[in-house]
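Please look over the sequence and the structure shown here. The paragraphs that follow go through selected helices and strands in turn.

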Amino acid sequence: MKLIEHIAMYKRMEIINRVPFFRSFELAERQMLLESFSQLYLCQQGRYVFKLHEQSQQLYIVLSGELIVFRQSDHKELGHIRPGDFVGEGAFIAHRERSTNAKALTDAIVLAIEPLALTKLPVVVREKIKDQLILGMSERIARLSSLLERHTP
């Protein structure tokens, strides 16, 4: 992945203002997160965002493009991560190694949030991050349950 540098703060703010993950964040909270605890990356098609067993623990929010999450052993697709969705929450929250692989299906821009954000940001911002993770994971579980019901005889 390539770090995207030299983008003015107002442009970064413009980008994340469109992402549902940040809808409940105040303007100052978004700016604090962008200035101190996150980076923008370009991940070219076919390149990995992270690999199984990596020690990196950032949370990635897709701003554009699409990622695919898959198992290493048989390359079985586990899901597609589209703009507004996130990936890497297990390692981010539990401070553990990566349990899957994530690769860019198309060129993608992702916002990487550092795990330090969960200890250094004000409580109100941390709670909003946690709330969005819980909401996103519950939506993911509901989608997967629906898929299983349709494929179960």
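Contact, in this account, means heavy atoms within 4.5 Å. The model is a predicted one, in which local features need pLDDT of at least 70, side-chain atom pairs count only at pLDDT 80 or more, and totals for chains, interfaces and linings use all residues. Residues are numbered from 1 along each chain as its sequence is written, and side-chain values use heavy atoms, with hydrogens and water left out.

Helices (H or I, at least four residues) and strands (E, at least two) are DSSP runs, numbered from the N terminus.

Helix α2 holds Arg30. Not counting residues up to four places away in sequence, Arg30 touches Met13, Ile16, Asn17, Phe22, Arg23 and Phe25. What is the nearest side chain of opposite charge to Arg30? It is Glu29, 7.0 Å away, and the buried Arg30 has no salt bridge, a term for a side-chain nitrogen of Lys or Arg within 4 Å of a carboxyl oxygen of Asp or Glu. For charge, Lys and Arg count as positive and Asp and Glu as negative, while His and the chain ends are not counted. A polar atom of the Arg30 side chain does lie 3.2 Å from the backbone oxygen of Phe25.

Leu33 is also found in helix α2, and it counts as buried because its relative accessibility is 1%. Beyond its neighbours within four places in sequence, Leu33 is in contact with Phe22, Ser38, Ile113, Ala117, Leu121 and Ile129. Leu33 and Ala117 are 84 residues apart in sequence, and their C-alpha atoms are 7.7 Å apart in space.

In a regular strand the side chains alternate between the two faces of the sheet. In strand β5 (residues 67-70), Leu67 and Val69 point one way and Ile68 and Phe70 the other way, and all are buried. Strands pair if DSSP finds at least two bridges between them. Four bridges link β5 in the antiparallel sense to strand β6 (residues 77-81), where His80 stands opposite Ile68. β5 also runs antiparallel to strand β8 (residues 101-104), joined by four bridges, and there Asn101 is the bridge partner of Phe70.

How values were computed:
Buried < 20%, exposed > 50% of the residue type's maximum accessible area, 1.4 Å probe, protein only. Polar contact = N/O pair within 3.5 Å; in protein donor to acceptor, adjacent residues only side chain to side chain.
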